[in-house]
Amino acid sequence: LHCISMTIVMLLAVLPALAQGGEESALRALSDPSAEVRKRAAEELSRSEHLNPGAAFPVLLGRLADSNADVRFYVAVTLSKAAYVDEKSASSLQASAEKLAEHLSDPDPRVRESLALTMALLQPAVPATVVPALLDRLRDPVPAVRSHALEALARVRPVVPRAVEAVLGTLKHDSLGMVRGTAARALGQMGDTRREIVDALMAALRDSDPFVRQEGVRALGQMGPAAAPALPELQRLANDPQIDEVLRLNAKGALRRIKGEG
């Protein structure tokens with residue numbers, strides 16, 4: 001009871017300071033001995049609309065190793081939000097990509113999901129040095145983590161051949177349509193137009209999941225003339241009145257791009 005009451009006292013002391021001092025006070029509070037104080041500070045920072053990357057990011061990256069899972073979670077959310085709303089922040093975080101990658105295997109799935117999303121948002125591209133950590137997440141039990149890892153792998157430059165092979169394997173074998181569809185999209189973005197890739201995307205056009213079919217169509221369209229073997233299957237979709245109208249329209253657009261007509 002004494003420990004609980006002391007924590008409450010510390011929280012009551014720090015919360016007004018957070019409210020008055022804003023980002024600077026919250027960043028200082030992330031080093032507080034009390035996990036509850038650190039958690040509250042991290043939560044406050046996750047609500048911030050704009051952070052100073054130079055001051056905030058080194059502190060936040062350091063707290064990804066915090067002993068408290070909630071602190072790590074709110075810190076990860078703060079980083080992903082910053083990367084999403086501010087291209088400059090996403091660019092600043094790119095320099096810390098390897099530090100982020102160190103924590104992609106966090107035991108808390110919430111942290112893994114937020115950090116994988118952050119990786120996918122890095123600007124102007126995701127560095128190839130983090131590919132091994134991202135490949136590990138393709139086996140993550142959380143579908144959203146797998147999907148964000150695929151999104152990040154799609155943006156790795158230069159393109160890494162083993163990353164392409166891993167994404168291809170995910171398209172063929174993952175149990176969830178959301179993940180398979182994201183893998184199809186990633187293949188279209190990676191720019192590998194080998195026949196093996198085209199064939200896998202053609203197979204995706206007959207997938208049981210509509211999202212996979214849509215992303216397969218779009219990916220083939222991105223490949224241009226290299227996807228010519230898919231023309232008959234795309235024509236079938238474009239002419240089928242029984243299928244979703246959006247899929248038909250996308251198939252027609254893919255046909256034009258592959259034929260070089262637009």
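**Salt bridges in the predicted model**

The protein chain contains 15 helices and two strands, where helices (H or I, at least four residues) and strands (E, at least two) are DSSP runs numbered from the N terminus. This is a predicted model, in which local features need pLDDT of at least 70 and side-chain atom pairs count only at pLDDT 80 or more, while totals for chains, interfaces and linings use all residues. Residues are numbered from 1 along each chain as its sequence is written, and side-chain values use heavy atoms, leaving out hydrogens and water. The predictor's confidence in each residue, called pLDDT and running from 0 to 100, has a mean of 92 over the protein chain, with 92% of the residues reaching 70 or more. Over residues 1–20, however, the pLDDT is below 50.

Side chains of opposite charge can pair when their charged atoms come close. The structure holds 27 salt bridges, each being a side-chain nitrogen of Lys or Arg within 4 Å of a carboxyl oxygen of Asp or Glu.

One of them joins the side chains of Asp-70 and Lys-39, with 3.7 Å from N to O. Asp-70 belongs to helix α4 and Lys-39 to helix α2 (residues 35–46), so this pair ties together parts that lie 31 residues apart in sequence. To describe how covered a residue is, we call it buried under 20% relative accessible area, exposed over 50%, and partly exposed in between (1.4 Å probe, protein chains only). Asp-70 is partly exposed, at a relative accessible area of 24%, and Lys-39 is also counted as partly exposed, at 24%.

Another salt bridge links Asp-140 with Arg-137, whose closest N and O atoms are 2.5 Å apart. Here Asp-140 is buried, with a relative accessible area of 2%, and Arg-137 counts as buried at 13%.

A further pair is made by Asp-199 and Arg-195, with 2.6 Å between the closest N and O atoms. Because these two residues are four apart in helix α12, about one helical turn separates them. Asp-199 is partly exposed, at 35% relative accessibility. Elsewhere, salt bridges that share partners join Glu-165, Lys-172, Asp-192, Arg-194 and Glu-196 into one network.

Conventions: Contact = heavy atoms within 4.5 Å.
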